[in-house]
Amino acid sequence: MEILTLKRPDISFSDEIHSYRQEFLDAGSPLNGCGPLADMEDPAEWVAHTVRFEKGDDIPEDMVPSTQFIYVRESDGKILGTIQIRHSFTPFLETYGGHIGYSIRPSERRKEYAKQMLHDCLPYCKELGLEKVMVSCVDTNVASRKTILANGGVYDGTVWEPEEQVNFERYWITVE
Ligand SMILES: CC(C)(COP(=O)(O)OP(=O)(O)OC[C@H]1O[C@@H](n2cnc3c(N)ncnc32)[C@H](O)[C@@H]1OP(=O)(O)O)[C@@H](O)C(=O)NCCC(=O)NCCS
């Protein structure tokens with residue numbers, strides 16, 4: 001059985017972080033669930049950013065602390081995905097963005113990794129004191145909807161987000 005592990009990113013993963021980011025940019029795929037990685041060419045800068053946000057030190061007033069994980073396949077050390085857990089809500093997160101954002105690198109999609117990664121982060125949500133988490137997806141994102149539903153997501157409604165001009169479907173997952 002494959003061993004897949006959620007880890008906090010550190011600079012020992014610099015080469016992997018670099019190739020992960022580049023793969024998304026080359027594919028024109030959105031880097032969700034990894035904060036500003038798309039804008040940060042230097043992996044060390046991103047790692048430092050994740051540390052700062054988990055501690056909640058020196059972060060902008062309109063943002064909340066978050067924990068960043070990378071999802072690593074132990075057999076080859078490859079980063080398969082990223083998942084970010086927000087410790088609380090801003091008004092935007094409460095209505096649209098939710099507690100959790102994630103993505104799986106293009107070359108590793110459709111192998112059930114997203115379903116497994118979301119499942120694996122739920123115990124950490126409980127450690128944070130979250131009894132249920134809101135997870136959302138744009139209404140055209142079939143794969144993300146199925147990922148949420150596979151993890152027990154209960155549909156709460158759809159809201160129109162005027163800036164991006166998209167419908168967000170909101171789901172709640174009870175953390176066991
Ligand atoms: C959404 C995403 C994380 C799914 O990752 P994944 O590892 O391919 O998903 P899984 O293999 O776990 O599949 C989950 C389900 O979605 C289905 N699925 C995956 N890709 C699909 C696609 N392109 N079209 C339709 N269904 C798809 C799978 O068949 C599976 O369905 P099942 O429950 O019926 O078996 C990935 O496509 C991604 O990173 N997309 C870009 C970023 C993104 O959209 N993030 C989520 C923001 S809310």
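**View 1. Pairing of strand 3 with strand 4 in the predicted model.** In this predicted model, strand 3 and strand 4 run antiparallel and are joined by five bridges. Within this pairing, Gln84 has Gly101 of strand 4 as its bridge partner. The two strands belong to an open sheet of four strands in the order 1-2-3-4, with antiparallel pairing, and the edge positions are taken by strand 1 and strand 4, each of which pairs on one side only. Direction ignored, neighbouring strands of this sheet are turned by 20° against each other on average.

View 2. Helix 1 lies across strand 3 and strand 4, and its course makes an angle of about 85° with strand 3. Glu23 has its place in this helix, which spans residues 14-27. Is Glu23 buried or exposed? Glu23 counts as buried because its relative accessible area is 18%, which falls under the 20% limit for that class. If residues up to four places away in sequence are left aside, Glu23 touches Arg105, Pro106 and Ser107.

**View 3. Strand 1 and the surroundings of Leu4.** Strand 1 runs antiparallel to strand 2, to which four bridges join it, and Leu6 has Tyr71 of strand 2 as its bridge partner. Leu4, which has its place in strand 1, touches Tyr71, Val72, Arg73, Leu80, Tyr113, Gln116 and Asp120, not counting residues up to four places away in sequence. Leu4 and Gly77 are separated by 73 residues in sequence, while their C-alpha atoms are 9.5 Å apart in space.

**View 4. The largest nonpolar core and a second, separate one.** The largest nonpolar core has 26 residues, and those with the most contacts inside it are Ile83, Ile85, Ile100, Tyr102, Cys121, Cys125 and Val133. Two or more residues of this core come from each of strand 1 (4-7), strand 2 (66-73), strand 3 (78-86), strand 4 (100-104), helix 4 (113-127), strand 5 (132-138) and strand 7 (166-174). Which element gives the most to this core? The answer is helix 4, with eight residues. Cys121, one of the residues with the most contacts inside the core, touches Leu6, Ile83, Ile85 and Ile100, again not counting residues up to four places away in sequence.

View 5. Three strands form an open sheet in the order 5-7-6, with antiparallel pairing. Strand 5 and strand 6 (154-161) are the edge strands, each pairing on one side only, and the twist from one strand to the next averages 25°. Strand 5 and strand 7 run antiparallel and are joined by seven bridges. Val133 has Ile173 as its bridge partner in strand 7; Val133 is also among the residues with the most contacts inside the largest nonpolar core.

**View 6. Helix 5 and its buried side.** Helix 5 lies across strand 5 and strand 7, running at about 160° to strand 5. In this helix, which covers residues 142-150, Ser144, Thr147 and Ile148 are buried. Why are these three placed on the same side of helix 5? They cover an arc of only 95° around the axis, and therefore they lie on the same side of the helix. An α-helix has 3.6 residues a turn, so residues three or four places apart point the same way. The cover over the buried residues of helix 5 includes strand 4, helix 4, strand 5 and strand 7, whereas the face turned away from the buried side carries the exposed residues Ala143 and Lys146. Helix 5 is followed by Gly152, which has a positive phi, near 85°.

**View 7. The annotated span, residues 29-176.** According to an unreviewed UniProt entry, the annotation "domain: N-acetyltransferase" covers residues 29-176. The end C-alpha atoms of this span lie 32 Å apart, and the span is 30% helix and 31% strand.

Notes. Residues are numbered from 1 along each chain as its sequence is written. This is a predicted model: local features need pLDDT of at least 70, side-chain atom pairs count only at pLDDT 80 or more; totals for chains, interfaces and linings use all residues. Side-chain values use heavy atoms; hydrogens and water are left out. Buried means under 20% relative accessible area, exposed over 50%, partly exposed in between (1.4 Å probe, protein chains only). Contact means heavy atoms within 4.5 Å. A nonpolar core is a set of buried Ala, Val, Leu, Ile, Met, Phe, Trp, Tyr and Cys residues joined through side-chain atoms within 4.5 Å. Two strands pair if DSSP finds at least two bridges between them. UniProt positions are given in the numbering used here, feature names are shortened, and annotations may be inferred rather than shown by experiment. The arc is that of the directions from the helix axis to the C-beta atoms. Axes are lines fitted to C-alpha atoms, for helices over the stretch in contact, and angles run from 0 to 180 degrees between N-to-C directions.
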